[in-house]
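This note sets out numbered points for a colleague who is new to reading structures. Please keep the sequence and the model in view while going through them.

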Amino acid sequence: MRQTVTCTVNGKTLTLDVDVRASLLEMLRAEGLTGTKQGCGVGECGACTVLVDDMPVDSCLYLSVWADGRAVRTVEGELRPDGGLSPVQQAYVDAGAVQCGFCTPGLIMSSTAFVERHAGKRVSREDIRRGHAGNLCRCTGYGAIVDAVERCLKTKPE
Amino acid sequence: MFDIRKYRQAATAAEAVRLLVEDPAARCLAGGTDVLVRLRELHPGYDNLVDIHNVAELKPIVLLPDGTLRIGAGATFTDIMESPVVRECAPLLVEAAASVAGPQIRNVGTIGGNLCNGAVSADTAAPVLALNARLRLLGPGGERCLPAAEFHTGPGKVALHPGEVLLSVDIPKDDRQGWGGQYVKYAMREAMDIATIGCAAAVRLRDGRMEDVRLAFAVAAPTPVRCPAAEAAARGRSPDEAAFLAVRKAVVEDVKPRTSWRATAEFRLHIIRTLAGRVLAEAARRAEGARA
Ligand SMILES: Cc1cc2nc3c(=O)[nH]c(=O)nc-3n(C[C@H](O)[C@H](O)[C@H](O)COP(=O)(O)OP(=O)(O)OC[C@H]3O[C@@H](n4cnc5c(N)ncnc54)[C@H](O)[C@@H]3O)c2cc1C
Ligand code: FES
Ligand code: FES
């Protein structure tokens, strides 16, 4: 059972022949985009978070064929053309929000969507926590992650 | 890889019905947040799928000319939370949608999947009962409408006939206009947790008294339930402490909580009694501000 999927991944148009049984996570990793991680595989941890049409989804629970006609963004695509970090990625570095790093690609994508949706709005730390409730991190205790997002929202977008 | 054995995509609800009739062993796949988890856990009975994920006609949320609020079965929790008409007409459904899981699941999981999955803990189940919603179903024989109270028939069981697809959740004007409502989910964590108890209430006032009262619970019995005894205890009374005390007493007759690893039956009953009074009181308070 195979199907052709045409979608953009990080701005690049791809036409792929995928197994309908494959998750979007499996499709992306097979394309060499191994930044996106699998933790639980059942929607609990958010390590596999990618953006589909700018909305965070758990790619482990999302069929690859559903990406047809849509725009997918992964952590690799957040790098600037010159190889620099995105503002969200830089804020994570500055805030010390990365320890083992396994949760980080998923969290970066949740934060990216959150910052894009809330640019210019007043947001509390509680709002940031709620907006990241679908991502687990076993190392940092979340404080530094909330700091990073708060900093991004305070600095002007590029 | 998901262990899918047979997979077909439907472009319309009618095509989904045709595919389900053709193969009675098949089931719908909407957002997949229940189905794909079951597949991962290798449950039998989920490997033959009719994919309705992209059926556009199931997605809209609209106010019909007669004032009925129609929420497509394929509307996601995020769609519901962000819909201006649902915010205006059925805020308790917004509260229920916002209480589900985290953003990623809410962006994909649908109200149709939440109800059709039949879980007693489904967060939209109690609000749909309190709103007295009608479920519009399409089957091989055509369309029919079922009151929400007749939909859940047992744990994990719903009244879908073979080949039927849920089209929409309809809330007639008279069941939403002038009402105040609230949904409260009691869970151990504030996010990413299944309800220990879910409570929805809707109240309509007349001359300061609770003329119409609806109270519904999730996880309080083998299926989501309305509470006729508690409703009768409140009906016709002014929304004061004495009335809510009567509700807390009466609600015991309406529920049958059980013990699970999440909570004991005694603890659930305590939460049920507490929420029955508190959520009805808030619904009544909101009804004061509601436009008739
Ligand atoms: C991590 C995680 C957390 C969760 N947290 C919550 C929570 O807090 N509260 C909660 O209530 N749920 C929760 N869920 C469960 C799930 O997200 C919801 O029940 C969701 O609404 C299911 O919708 P879906 O579109 O994903 O359904 P699917 O998985 O696609 O389908 C579910 C069932 O409904 C049937 N179905 C779907 N649509 C139709 C239709 N239109 N007509 C006929 N049958 C149909 C399918 O055949 C299947 O049996 C959680 C799930 C996960 C993975
Ligand atoms: S791997 Fe997808 S949510 Fe955990
Ligand atoms: S940094 Fe280790 S899980 Fe988040």
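1. The side chains of Arg130(A) and Glu190(B) form a salt bridge, with 3.2 Å from N to O. The term salt bridge denotes a side-chain nitrogen of Lys or Arg within 4 Å of a carboxyl oxygen of Asp or Glu. Between chain A and chain B the count is two salt bridges.

2. The model is predicted: local features need pLDDT of at least 70 and side-chain atom pairs count only at pLDDT 80 or more, whereas totals for chains, interfaces and linings use all residues. Residues are numbered from 1 along each chain as its sequence is written, chains are lettered from A and ligands numbered from 1 in the order in which they are written, and side-chain values use heavy atoms, without hydrogens and water.

3. How many residues of chain A are in contact with chain B? There are 32 from chain A, and they meet 28 residues of chain B; contact means heavy atoms within 4.5 Å. The two chains bury about 2500 Å² between them, with 57% of it on carbon and sulfur atoms. Buried area is the accessible area (1.4 Å probe) that two parts lose on being put together, summed over both. Of the area that chain A buries against chain B, 26% is supplied by Arg21(A), Leu61(A) and Trp66(A), more than by any other three residues.

4. Ligand 1 lies between chains A and B. Of the 38 residues around ligand 1, those that come nearest are Cys28(B), Thr33(B), Asp34(B), Thr110(B) and Asp123(B); a residue is near a molecule if one of its heavy atoms lies within 4 Å of it. An N or O atom in the side chain of Thr33(B) is 2.6 Å from an oxygen atom of ligand 1, and one in the side chain of Asp123(B) is 2.7 Å from a nitrogen atom of ligand 1. Lys185(B) places a polar side-chain atom 2.9 Å from an oxygen atom of the ligand.

5. Chain B is divided into domain 1 (59–174) and domain 2 (180–287), with bounds from an automatic or database domain assignment. Their C-alpha centres lie 20 Å apart. The contact takes 24 residues from domain 1 of chain B and 25 residues from domain 2 of chain B. The area buried between these domains is about 1900 Å², of which carbon and sulfur atoms give 61%.

6. Three salt bridges are counted between domain 1 and domain 2 of chain B. The side chains of Arg204(B) and Asp174(B) also meet in a salt bridge, at 3.1 Å from N to O.

Definitions and conventions:
Polar contact = N/O pair within 3.5 Å; in protein donor to acceptor, adjacent residues only side chain to side chain.
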